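Hi,

Here is the structure I promised to pass along. Have a look at it first, and then read on for my notes.

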Amino acid sequence: MIDPASLFSLQGRVALVTGGSRGIGRMIAEGFLAQGARVYISARKAEQCHAAAAELGPDCIAVPADISTVEGARALAATIAEREPALDILVNNAGAAWGAPFDSFPEHGWDKVFDVNVKAPFFLTQALHGALKAAARPDRPAKVICVGSIDGLRVNAWETYSYQASKAAIHHLMRRMAARLIHDNIVASAIAPGAFPSEMNRAARDRGDRVAAAIPARRIGRAEDMAGAAIYLASRAGDYVVGQVLTVDGGLVAANPVETAEP
């Protein structure tokens with residue numbers, strides 16, 4: 001008999017959500033907490049990280065960190081290892097974006113985005129591999145969830161060259177990590193969000209009605225939409241979903257026909 005409550009429960013599990021103080025990361029952290037997990041959130045700005053943890057409750061712990069360097073990623077992993085013997089769930093959510101015209105797009109705008117969006121998830125997962133293996137069992141695998149974007153699935157009109165390339169890269173990096181980590185009973189997957197209100201997606205935050213007009217579902221994403229997707233992948237419900245990108249966008253990518261002129 002299937003028990004829906006236990007199927008989506010995270011009771012007793014320990015999670016780390018990078019970029020968890022605001023936006024999509026905070027939505028995911030809040031969802032995990034509601035399902036019974038103890039959640040560590042990291043963010044580069046310590047004050048914001050501690051404030052968010054205080055607002056989310058006693059089971060949310062702030063661990064400020066700058067994971068844009070390998071040393072920073074390893075330092076965050078060491079902090080988690082000091083506090084927890086094992087880690088059930090890692091959400092690689094911290095992200096950066098950069099926009100500039102093609103002819104003047106700067107090298108540092110490329111390097112910053114790839115350091116945070118692609119390099120950091122790899123080296124943080126590598127550094128936490130031991131903690132994830134300590135939690136993983138054949139009947140209850142550990143989870144690594146990478147947050148990509150629909151901009152890694154189709155071309156956006158904005159000149160955010162490194163961001164769009166980085167999101168396509170994290171989707172494929174997740175697949176390569178999934179092929180390796182499943183041998184340690186660690187399931188890797190990804191979420192590709194569409195329009196959710198955040199500091200990074202100010203259009204959805206500030207002009208939600210206008211953005212919603214282009215979305216088949218006729219609305220932008222809500223916190224429950226992102227939390228539900230992450231809970232599904234993190235819980236028993238998602239144990240058999242390996243190396244997949246879950247698109248959460250109201251149909252923008254897959255249910256939005258391209259209009260063509262009459263023949």
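This is a predicted model: local features need pLDDT of at least 70, side-chain atom pairs count only at pLDDT 80 or more; totals for chains, interfaces and linings use all residues.

**Cysteines**

Searching the whole structure gives 0 of them. Take Cys49: its closest cysteine sulfur belongs to Cys60 and sits 7.7 Å away, so the two are too far apart for a bond. A disulfide would need the sulfur atoms within 2.5 Å.

**Salt bridges**

There are 10 salt bridges in the structure.

- Asp88 and Arg140 pair through their side chains, with 3.0 Å from N to O. This one ties together distant parts of the chain, as the partners are 52 residues apart. Asp88 sits in the loop between helix H4 (70-83) and strand S4 (89-92), while Arg140 is in the loop between helix H6 (129-135) and strand S5 (142-147). Asp88 is buried, with a relative accessible area of 8%.
- Lys119 and Asp115 form a salt bridge at 3.5 Å, N to O. Both belong to helix H5 (residues 107-127), and they are 4 residues apart, about one turn of the helix. Lys119 is partly exposed at 32% relative accessibility, and Asp115 is partly exposed at 24%.
- Asp151 pairs with Arg154, and their closest N and O atoms are 2.8 Å apart. Are these two buried or exposed? Asp151 counts as buried, at 13% relative accessibility, whereas Arg154 counts as partly exposed, at 28%.
- There is also a network: Lys143, Arg236 and Asp239 are joined by salt bridges that share partners.

**Helix H2**

H2 covers residues 23-34, which makes 12 residues. From first C-alpha to last it reaches 17 Å, close to the 16 Å expected at 1.5 Å a residue. Which of its residues are buried? They are Ile24, Gly25, Met27, Ile28, Ala29, Gly31, Phe32 and Leu33. After the helix comes Gly36, which has a positive phi, near 100°.

Ser42 lies in strand S2 (residues 38-42). It counts as buried because its relative accessible area is 2%, and buried means under 20%. What does Ser42 touch, once its neighbours within four places in sequence are set aside? Its contacts are Leu16, Val17, Thr18, Gly19, Gly20, Ser21, Cys49, Val63 and Leu76. Cys49, from the cysteine notes above, is one of these contacts.

Ala75 is in helix H4. Ala75 is partly exposed, with a relative accessible area of 40%.

Cheers

Key: Residues are numbered from 1 along each chain as its sequence is written. Side-chain values use heavy atoms; hydrogens and water are left out. Helices (H or I, at least four residues) and strands (E, at least two) are DSSP runs, numbered from the N terminus. The expected span of a helix is 1.5 Å times one less than its number of residues. Buried means under 20% relative accessible area, exposed over 50%, partly exposed in between (1.4 Å probe, protein chains only). A salt bridge is a side-chain nitrogen of Lys or Arg within 4 Å of a carboxyl oxygen of Asp or Glu. Contact means heavy atoms within 4.5 Å.
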